[in-house]
Amino acid sequence: MNNILNQIGIENYIFLSVILFCIGVFGVLYRRNAIIVFMSIEIMLNAVNLLFVAFSTYHQDAQGQIFVFFSMAVAAAEVAVGLAILVSIFRNLGTIDVGNLKNLKG
Amino acid sequence: MNTLIAITGLGVLCLLFEILNFRKAIVPITIIGLLAVLGITFSEFNAPGSHYNNMIVVSKFSSAFSALFIVLTIFLVALAHDFYEDHKTKISDFIAIKIFMLAGAVAMVSFGNLAMFFLGIEVLSISLYILAASNRLNVKSNEAGMKYFLMGSFASGIILFGICLIYGAMGSFDVIEISENSLSAELPIWFPIGMILMTIGMLFKVAAVPFHFWAPDVYEGSPTLTTTTMSTLVKVVAIATLYKLIAELNLIPSLENQDLLGTFKTIVVIITIASMTVGNIMALKQNNVKRMLAFSGISHAGFMLMTLLSISNSAGNLLYYATAYSLAGIAAFTVILYVCKNRDNEDIANFNGLSKNNPLMAAVLTAALLSMAGIPIFAGFFAKLVLFNQTIQAGYLVVVIAAVINSIISVGYYFKLILAMYNKEPNEEAAKTQFVFYAVAIVAVLLNIILGLFPSAVLDLLG
């Protein structure tokens with residue numbers, strides 16, 4: 001496993017994760033559909049998970065992989081709450097377009 | 001460590017009360033439980049140590065802040081009974097969520113490992129997403145919950161990325177190991193980048209300018225009790241955690257090694273001045289009290305971030321300012337809860353003539369606002385005094401001048417509310433007040449005044 005990491009190089013893992021993370025960030029900032037925004041947040045978190053695993057192998061240390069379990073559990077809980085909020089919005093407004101949320105202004 | 005376990009146990013107990021049909025007694029029992037936990041926290045104050053492979057580190061800093069959080073939660077739980085009158089069947093859920101949120105808060109100030117820090121911040125945030133959207137039939141509450149969820153999880157992603165880069169640079173999540181390694185001369189560039197990402201994520205949670213845009217909307221739309229929680233408990237938790245992160249991970253010396261310290265200080269100066277100015281100027285033109293206090297909270301976040309400029313000796317200062325601010329916030333929001341109980345908005349017009357309808361509540365709100373503005377005998381004044389003094393000694397006269405000007409601006413909008421209470425005629429008859437509102441408001445204000453009379457009781461706690 002470490003051999004592969006040496007051939008590819010840790011930098012390339014970092015670049016890949018940064019690119020995935022940025023895709024997630026732009027998804028959150030530019031997409032209007034709430035489900036796609038949620039997916040983008042998941043991409044951000046999973047980009048980090050990928051990097052955790054890469055660093056874990058790089059350092060020959062299991063802590064990073066354990067952390068991935070924490071962050072996956074947390075992400076699942078987060079999305080569960082987010083979807084619950086989304087359902088109540090859909091019941092009240094009949095749409096899941098984030099652009100329709102403009103009652104609060106000032 | 002026992003604090004955290006006891007709080008979690010109390011949360012589970014709250015959920016069990018639901019099954020045992022103890023709903024009527026749940027608020028008093030929870031308050032008694034929290035007082036017991038407060039006792040445990042005090043007993044840990046002089047017994048620092050690390051537990052579970054350094055996952056939890058109990059220090060004076062963590063116990064003192066935990067005690068503050070528990071006191072704030074006691075106030076919030078006491079108010080919950082009346083606030084959730086229409087949702088009697090769900091009251092145990094609401095209270096259990098608040099208690100679990102407190103567990104997250106305590107984990108955030110007593111972390112010894114970045115995993116604990118991340119779990120703490122997520123437990124706190126996820127509970128808050130639920131509370132913000134808890135009035136599910138109200139479109140505003142839904143919108144506030146959604147906005148808070150999106151911004152919160154975005155910030156969590158950034159924090160997670162920061163943790164990951166720090167792990168990549170150091171090969172460990174342990175705070176002690178990281179802080180030892182961070183002093184070495186050759187660090188991968190990942191470490192400062194990771195610290196910056198983590199700081200940005202925390203600034204989102206603190207709601208400091210330029211990461212503040214979500215705060216007014218979320219504060220306005222959430223149920224008022226949740227707004228109280230956010231503007232007192234959560235703000236204090238986030239700032240204390242940011243302070244601890246920067247202090248414990250030896251960020252300042254490690255930046256000095258890499259000649260980045262000047263840049264860091266400049267950024268902190270800009271963020272503090274911008275937070276204070278933007279918060280106060282935007283608050284001037286608000287008509288909704290919750291929105292106004294949201295902007296006021298942004299400016300207070302700026303004041304509290306000033307402690308980062310003299311980080312080696314300002315922990316006691318931060319604790320004092322946070323206590324003064326949050327106690328005043330609790331008192332002010334209690335009055336808002338009372339005034340706006342059966343109304344669908346929180347405009348300043350609702351406060352017209354409060355001094356004739358209910359002089360005591362008007363006096364409490366006046367005292368709370370004067371404390372936030374920094375008028376003597378209230379704790380807010382001494383908090384600002386000590387803070388300014390220390391910042392001048394650290395050599396940042398510009399920041400202090402900006403802060404003084406901002407304190408003067410803030411008097412403008414606090415007095416707008418006070419004048420409405422005392423100079424205008426009441427629109428309608430006074431509503432009946434529940435005893436608990438009086439109790440919470442008066443205890444909070446009295447604590448604030450006592451702290452103002454004896455500032456050294458808190459200032460010297462952290463040495």
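Chain A and chain B meet through 32 residues of chain A and 37 residues of chain B, where a contact means C-beta atoms, placed from the backbone, within 7 Å of each other. On chain A, the side that touches chain B draws at least two residues from each of α2 (10–30), α3 (34–59) and α4 (63–93), and α4(A) gives the most, with 15 residues. Helices (H or I, at least four residues) and strands (E, at least two) are DSSP runs numbered from the N terminus.

This is a predicted model, in which local features need pLDDT of at least 70 and side-chain atom pairs count only at pLDDT 80 or more, while totals for chains, interfaces and linings use all residues. Residues are numbered from 1 along each chain as its sequence is written, with chains lettered from A and ligands numbered from 1 in the order in which they are written.

**The chain A side of the interface**
- By class, the side of chain A that touches chain B holds 20 nonpolar, 10 polar and two charged residues.
- Here Ala, Val, Leu, Ile, Met, Phe, Trp, Tyr, Cys and Pro count as nonpolar, Asp, Glu, Lys and Arg as charged, and the others, Gly among them, as polar.

**Chain A overall**
- Chain A has four helices and zero strands, in the order α-α-α-α along the sequence.
- Its C-alpha trace spans about 55 × 25 × 25 Å along the principal axes.
- The radius of gyration of chain A is 18 Å, whereas a compact globule of 106 residues would have one near 13 Å; this radius is taken over C-alpha atoms, and the globule rule is 2.2 Å times the number of residues to the power 0.38.
- An unreviewed UniProt entry annotates residues 12–30, 36–55 and 67–90 of chain A as "transmembrane region"; its positions are given in the numbering used here, feature names are shortened, and annotations may be inferred rather than shown by experiment.
- Residues 12–30 of chain A are 100% helix and 0% strand, with end C-alpha atoms 27 Å apart.
- Residues 67–90 of chain A are also 100% helix and 0% strand, and their end C-alpha atoms lie 34 Å apart.

**Chain B overall**
- Chain B contains 20 helices and two strands.
- With a radius of gyration of 21 Å, close to the 23 Å that the globule rule gives for 463 residues, chain B is as compact as a globular protein of that length.
- Buried residues make up 59% of the 463 residues in chain B.

**Two domains in chain B**
- The domain assignment, from an automatic or database source, gives domain 1 (1–258) and domain 2 (260–463) of chain B.
- Their C-alpha centres lie 21 Å apart, and the contact takes 40 residues from domain 1 of chain B and 41 residues from domain 2 of chain B.
- α10(B) gives the most to the domain 1 side of this contact, with 13 residues.

**A closer look at α16(B)**
- Helix α16 (residues 359–373) of chain B has 15 residues and reaches 21 Å between its first and last C-alpha atoms, close to the 21 Å expected at 1.5 Å a residue (1.5 Å times one less than the number of residues).
- In α16(B), 12 of the 15 residues are buried, among them M361(B), L365(B) and L370(B).
- Their cover includes α13 (289–305), α14 (315–339) and α18 (397–423) of chain B.
- After α16(B) comes G374(B), with a positive phi near 95°.

Key. Buried ≥ 20, exposed ≤ 12 C-beta atoms within 10 Å, placed from the backbone. Contact = placed C-beta atoms within 7 Å.
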